[in-house]
Amino acid sequence: MRTTYFKAMLICCLAVFLANCEGEDGATGPAGENGIDGVDGIDGENGPDGNAGENGTNGENGVGFDELVQYGSISLTLDGKRPDGVPFKDTAIFKYTPIDPKFNVFYLKRGFIDFSATRFLSAPSSIYQESRAYIELGFTKPEVGEPAFDYFNLGLIEYTVISEDLTYFRIVNEFVHDSGGVKEFSLTNYSFNEETNHLVFSFSFMVVGDDNSTRNDLSVSGEVDIIVLKAL
């Protein structure tokens, strides 16, 4: 009996001892391998474009601009060959009127009406901005009936033609409708309102090479739409 009792006590103590004992942590295992990178997702579709913004407000004309252009313009087209033989076509609008009224007048006398108008390509200047076109136009004005055409002159002063290949040449010429070098002259759509001084007409002609700065035959056409001042 005593032996059995001691065995039971021993087993009990052993059980208590084992219950109160904790084992030591084992060594850290090796790190695992990195996983495989995932596949990139598909880009989403672009959203619809936004509405275009409104245009900004136009800026105001510079001081003096309205005064310089208030009397209308002379439009001009030149079509021919440059001095080096290369074809060209050039269009310009001469719309700036000098303050001096002698550049923009008409004279109404008994039996005659004469116009003389000059327009500059940019703001007039006697030194730097002297490119200009002028017209002189005359009619016999009978007491009854329509005026009869008398003469027409077109002058180009220091007008520069600039080409896309960055070359230029200047035209300094006066073209008189009945001169030997001017051919196929035409003046159409003429009208003049003596109450508003509004003068309108179109013209066209060809100039032989010997009589213009290009040294080649040159076609010239244009439109005049101006207000002229009456000289007293």
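Here are some notes on the sheet, its strands and the aromatic rings of this model.

1. Some ground rules before the details. This is a predicted model, in which local features need pLDDT of at least 70, side-chain atom pairs count only at pLDDT 80 or more, and totals for chains, interfaces and linings use all residues. Residues are numbered from 1 along each chain as its sequence is written, and side-chain values use heavy atoms, with hydrogens and water left out.

2. Start with the sheet. It is open and antiparallel, built from five strands in the order β2-β1-β10-β9-β8. Strands here are DSSP runs of E with at least two residues, numbered from the N terminus, and two strands pair if DSSP finds at least two bridges between them. At the edges stand β2 and β8, each with a single partner strand, so one side of each has no neighbour in the sheet. From one strand to the next, the twist averages 5 degrees; the axes behind that value are lines fitted to C-alpha atoms, with angles running from 0 to 180 degrees between N-to-C directions.

3. Now the pairings. Strand β1 (residues 72–81) and strand β10 (residues 218–227) run antiparallel and are joined by nine bridges; aspartate 79 sits opposite serine 219 in β10. Between β9 and β10 there are 10 bridges, again in the antiparallel sense, and phenylalanine 205 has valine 220 in β10 as its bridge partner. Eight bridges link β8 to β9, which also run antiparallel, with lysine 183 opposite methionine 206 in β9. The β8 and β9 hairpin has four residues between the strands, and in it asparagine 197 takes a positive phi near 60 degrees.

4. How enclosed is β9 by the rest of the structure? Largely, because seven of its 10 residues are buried. Buried means under 20% relative accessible area, exposed means over 50%, and partly exposed lies in between (1.4 Å probe, protein chains only). Leucine 199, in β9, counts as buried at 0% relative accessibility. Leaving out residues up to four places away in sequence, leucine 199 touches Phe115, Tyr190, Ser191, Phe192, Val224, Asp225 and Ile226, where contact means heavy atoms within 4.5 Å. Leucine 199 and isoleucine 227 are 28 residues apart in sequence, yet 6.1 Å apart in space, C-alpha to C-alpha.

5. Serine 202 is in β9 (residues 198–207) and, at 14% relative accessibility, counts as buried. Its side chain makes a polar contact with the side chain of asparagine 189 at 3.4 Å. (A polar contact is a pair of N or O atoms within 3.5 Å; within protein, one must be able to donate a hydrogen and the other to accept it, and residues adjacent in sequence count only if both atoms are side-chain atoms.) Beyond residues up to four places away in sequence, the contacts of serine 202 include Ser186, Leu187, Gly222 and Glu223.

6. Asparagine 212 is in the loop between β9 and β10, and at 6% relative accessibility it counts as buried. Which backbone oxygen does the side chain of asparagine 212 reach? That of valine 208, at 2.9 Å. Not counting residues up to four places away in sequence, asparagine 212 touches Asn173, Phe175, Val207 and Leu218.

7. On to the aromatics. Rings of Phe, Tyr and Trp (its six-membered ring) pair if their centres lie within 6.5 Å; planes under 30 degrees apart are stacked, over 60 edge-to-face, and the rest tilted. By this rule the count comes to 16 aromatic pairs. Phenylalanine 103 and phenylalanine 120 form an edge-to-face pair, 6.4 Å centre to centre with 70 degrees between the planes. Phenylalanine 103 is in the loop between β2 (87–94) and β3 (104–109) and phenylalanine 120 is in strand β4 (residues 112–120), so this pair ties together parts 17 residues apart in sequence. Phenylalanine 120 is buried at 7% relative accessibility. The rings of phenylalanine 152 and phenylalanine 185 are tilted, because their planes are at 35 degrees, with centres 5.4 Å apart. Ring pairs also link residues into a cluster, among them Phe152, Phe185, Tyr190 and Phe203.
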